[in-house]
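Thanks for coming. I will walk through one structure today and keep to what can be computed from its atoms.

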Amino acid sequence: MWYVSTRGMAPRVDFEGALFSGYAPDGGLFMPEKLPQLDRETLHRWSALSYPGLVMELCALFIGPELIPRDELNGTSGDTGSAAIESVQGAKNVDIIVLLPKGHCTKIQELQMTTVLKENVRVFAVEGNSDELDKPIKAVFEDVAFVKKHNLMSLNSINWARVLVQMAHHFFAYFQCVPSLDVHPLPPVEVVVPTGAAGNLAAGCIAQRMGLPIHLVTAVNCNDIIHRTVQQGDFSLCETIKPTLASAMDIQVPYNMERIFWLLSDCNSQVTRALMEQFERTQSVHLSKELQSKLSVAVTSESVSDETITQTMVRCWEENQYLLCPHSAVAVSYHYQKLHGQQPSTPRCCLAPASAAKFQEAVLAAGLTPEIPSEILALERKETRCILMRKSDNWMLMLRDAIENMDQQWRDRFLNAAE
């Protein structure tokens, strides 16, 4: 399996090359050169697998079975930063740097990252939003020599491996919801994806292309660039990002839309490159009628207000005694809007990305009582450590310096251990 950049100006790489990278050298994102096509027999066989087994089978198509350990896979739950830190903290040969948008995530989310004091973990609190802190990361990855020298990779959905694993969500959801796989044609399932940077949405679009009969709904908050793109072909920034209760979705540059544009333009890197370069120059692009038509066929969209988020959280609690996080509520609100007291003719699954325990402010705003595990309460008593990136600082230089410093510390430890 080879991987190519969505912009077509970088050499193709194998899975290892795509894994140990971030953005491609030409500024694009890596995608499989060819997507495997799944037949009914494969889907029927996969439907009987456990979730870890399904992940292994799916990954084997894109990585190669010889590189997949045949042991049970373990994963972490939670947001990208804290989950990534949890997976590598204390590791001897991996260092991690996390940039969090100061004031744009909840106190608990910050504490999950800033209370980890391991030597191989560095956390920066950036005086900016999620879109702004992505810029120095992209700039660092554009320096190919620097990336290779320090063996850099990304752990968010810039990285193809993250999108690959997210594809399993869609297959598993389908198998859980479909009434039977013994009918012709295979019945569809609607999957509602609460969407920020659009990694999970891109994963669903890839699963569609592989033959999974799902229809996708992208549900966003009032930062609605994806909704406007689906409805009108208007891929353009608003003047400002609006803070919402679903803070992880307060994004105006959903970079994985580039992967979706590439897929829907029949893997045309020239079209994708022109589109994304214009967006980077002008912050505004209008999709061609053909591309917008393909997008609206593949994906339905909905934009949700904070008021609707809290109303949805309340309704779900009253009807099910289940406490939704505000991001999950964005997806469930679409279900409630379409329900109208009747069961949908097509099975529908809403993806739930986080625990409500991290979003006490949203729970209180809904007039509900937060359920706070003891592990979360304990965070407030722990020592914290993070480095502030002020607006006046050179963020890219600070990031490069941190990488150089951590790399040198690792080399010093290695040499001392060898003596």
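Where is the place of proline 185? Proline 185 sits in the loop between helix H8 (160-177) and strand S5 (189-194). Helices here are DSSP runs of H or I with at least four residues, strands are runs of E with at least two, and both are numbered from the N terminus. The peptide bond that leads from histidine 184 into proline 185 is cis, with omega near -10 degrees.

Before going further, the ground rules. This is a predicted model, in which local features need pLDDT of at least 70 and side-chain atom pairs count only at pLDDT 80 or more, while totals for chains, interfaces and linings use all residues. Residues are numbered from 1 along each chain as its sequence is written, and side-chain values use heavy atoms, with hydrogens and water left out.

Back to the backbone. Asparagine 151 has a positive phi of about 50 degrees, although it is not a glycine. Asparagine 151 belongs to the loop between helix H7 (144-150) and H8. Is asparagine 151 buried or exposed? Asparagine 151 is exposed, at a relative accessible area of 64%. The cut-offs are under 20% relative accessible area for buried, over 50% for exposed, and partly exposed in between, with a 1.4 Å probe and protein chains only.

Glutamine 283 also needs a mention: its phi is positive, about 60 degrees, and it is not a glycine. Glutamine 283 lies in the loop between helix H12 (269-282) and strand S8 (284-286), and at 43% relative accessibility it is partly exposed.

The loop between H7 and H8 also holds methionine 153, which is partly exposed at 33% relative accessibility. Phe20, Met153 and Leu155 make a nonpolar surface patch of about 260 Å². Patches are made of residues with over 30% relative accessible area and no salt bridge; like charges are joined within 9 Å, and nonpolar side chains (Val, Leu, Ile, Met, Phe, Trp, Tyr) within 5 Å. The areas come from the Shrake-Rupley method with a 1.4 Å probe, and for residues only the protein chains shown count as cover.

Next, helix H3. H3 covers residues 51-63, which is 13 residues, and reaches 18 Å from its first C-alpha to its last, close to the 18 Å expected at 1.5 Å a residue. That expected span is 1.5 Å times one less than the number of residues. Which residues of H3 are buried? They are Gly53, Leu54, Val55, Met56, Leu58, Cys59, Ala60, Phe62 and Ile63. Their cover includes strand S1 (3-5), helix H1 (15-19), strand S2 (30-32), helix H2 (40-46) and H8. Contact here means heavy atoms within 4.5 Å.

Serine 50 caps the N-terminal end of H3, with a side-chain oxygen 3.1 Å from the backbone nitrogen of glycine 53. A polar contact is a pair of N or O atoms within 3.5 Å; within protein, one must be able to donate a hydrogen and the other to accept it, and residues adjacent in sequence count only if both atoms are side-chain atoms.

Threonine 272 is in helix H12 and is buried, at 1% relative accessible area. The side chain of threonine 272 reaches the backbone oxygen of asparagine 268 at 2.9 Å. Leaving aside neighbours within four places in sequence, threonine 272 is in contact with Thr6, Glu258, Phe261, Trp262 and Ser265.

Last topic: salt bridges. How many salt bridges does a search of the whole structure find? The search finds 16, each being a side-chain nitrogen of Lys or Arg within 4 Å of a carboxyl oxygen of Asp or Glu.

One of them joins glutamate 280 and arginine 7, whose closest N and O atoms are 2.7 Å apart. This pair links distant parts of the chain, as glutamate 280 is in helix H12 and arginine 7 in the loop between S1 and H1, 273 residues apart. Glutamate 280 is partly exposed at 41%, whereas arginine 7 is buried at 2%. Arg7, Lys138, Glu258 and Glu280 are linked in a network of salt bridges.

Glutamate 319 forms a salt bridge with arginine 315, with the closest N and O atoms 2.9 Å apart. These two are 4 residues apart in helix H14 (residues 306-320), so about one helical turn separates glutamate 319 from arginine 315. Glutamate 319 is partly exposed at 48%, and arginine 315 is partly exposed at 30%.
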